Amino acid sequence: MPTVTFTDSEGAQRTVDATAGDSVMETAVRNGVTGIVAECGGSLSCATCHVFVDNEDLDKLPEMEDMEDEMLYGTTEDRQPNSRLSCQLPIEEDTDLHVTTPETQV
């Protein structure tokens, strides 16, 4: 079963089981993970699901599309090289991802 490990800005970790076909954002919301606001519900219009992907996991993900790239310039916490919007990160059957949520999303 795929999993996502969420680390908050203070270092606390929580690993949750994920469903293939869902996004990291959907997984977070369904499991009550704090730090993912997801105001737009995954429609790529708010950037409140910003996460920092563990560098070792970046190559497991599809390349960033132009719209996601543009939206990342509107995040509350400064964009980093490993910044992604969790609504754009698909869970696959063999996915085990590690992401860190920023201190604030809004």
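1. Let me start with Val24. Setting aside neighbours within four places in sequence, Val24 is in contact with Val4, Phe6, Ser86, Leu89, Ile91 and Leu97. Bear in mind as you read that this is a predicted model. Val24 belongs to helix H1, and its relative accessibility is 0%, so it counts as buried. One of its contacts, Val4, has Leu97 as its bridge partner in E5.

2. How many strands form it, and in what order? There are 5, making an open sheet that reads E2-E1-E5-E3-E4, with mixed pairing. Strand E2 (13-17) and E4 are the edge strands; each has a single partner strand, so one side of each has no neighbour in the sheet. On average, neighbouring strands are turned by 35 degrees against each other, direction ignored.

3. Here is how the pairings go. E1 (residues 3-7) and E5 run parallel and are joined by 5 bridges. E3 and E5 run antiparallel, with 2 bridges between them, and Phe52 has Thr100 as its bridge partner in E5. E3 also pairs with E4, in the antiparallel sense and over 3 bridges. In that pairing Val51 stands opposite Arg84.

4. Arg84 deserves a close look. This arginine sits in strand E4 (residues 83-85) and has a relative accessibility of 5%; the cut-off for buried is under 20%, so Arg84 counts as buried. Its side chain makes a polar contact with the side chain of Glu68, at 2.8 Å. Beyond four places in sequence, the contacts of Arg84 include Cys49, His50, Val51 and Val53, along with Leu61, Pro62, Glu63 and Met64. Glu68, Leu72 and Leu89 are also among them. The C-alpha atoms of Arg84 and Val99 are separated by 9.5 Å, the two residues being 15 apart along the chain.

5. Asn82 lies in the loop between helix H2 (66-71) and E4. With a relative accessible area of 15%, Asn82 is buried. What does its side chain reach at 2.8 Å? The backbone oxygen of Val53. Leaving out neighbours within four places in sequence, Asn82 is in contact with Val51, Phe52, Val53, Asn55 and Leu58.

6. Gln105 is found in the segment after strand E5 (96-100). Is this glutamine buried or exposed? Its relative accessibility is 6%, so Gln105 counts as buried. A polar atom of its side chain lies 2.8 Å from the backbone oxygen of His50. Not counting residues up to four places away in sequence, Gln105 touches Gly35, Ile36, Val37, Ala47, Thr48, Cys49, His50 and Thr76.

7. Two backbone angles to check in the loop between H1 and E3. Most residues other than glycine have a negative phi. Leu44, located between helix H1 (24-30) and strand E3 (50-53), has a positive phi, near 60 degrees. Ala47 is found in that loop too, and its phi is positive as well, near 65 degrees. Leu44 counts as buried because its relative accessibility is 16%. Ala47 has a relative accessible area of 6% and is buried; Ala47 is also one of the residues that Gln105 touches.

8. Finally, the rings. The structure holds 0 aromatic pairs. There is a charge over a ring, though: the charged end of Arg79 sits over the ring of Tyr73, 4.5 Å from its centre.

Methods:
Residues are numbered from 1 along each chain as its sequence is written. This is a predicted model: local features need pLDDT of at least 70, side-chain atom pairs count only at pLDDT 80 or more; totals for chains, interfaces and linings use all residues. Side-chain values use heavy atoms; hydrogens and water are left out. Helices (H or I, at least four residues) and strands (E, at least two) are DSSP runs, numbered from the N terminus. Buried means under 20% relative accessible area, exposed over 50%, partly exposed in between (1.4 Å probe, protein chains only). Contact means heavy atoms within 4.5 Å. A polar contact is a pair of N or O atoms within 3.5 Å; within protein, one must be able to donate a hydrogen and the other to accept it, and residues adjacent in sequence count only if both atoms are side-chain atoms. Rings of Phe, Tyr and Trp (its six-membered ring) pair if their centres lie within 6.5 Å; planes under 30 degrees apart count as stacked, over 60 as edge-to-face and the rest as tilted. A charge sits over a ring if NZ of Lys or CZ of Arg is within 6 Å of the ring centre and within 35 degrees of the ring normal. Two strands pair if DSSP finds at least two bridges between them. Axes are lines fitted to C-alpha atoms, for helices over the stretch in contact, and angles run from 0 to 180 degrees between N-to-C directions.
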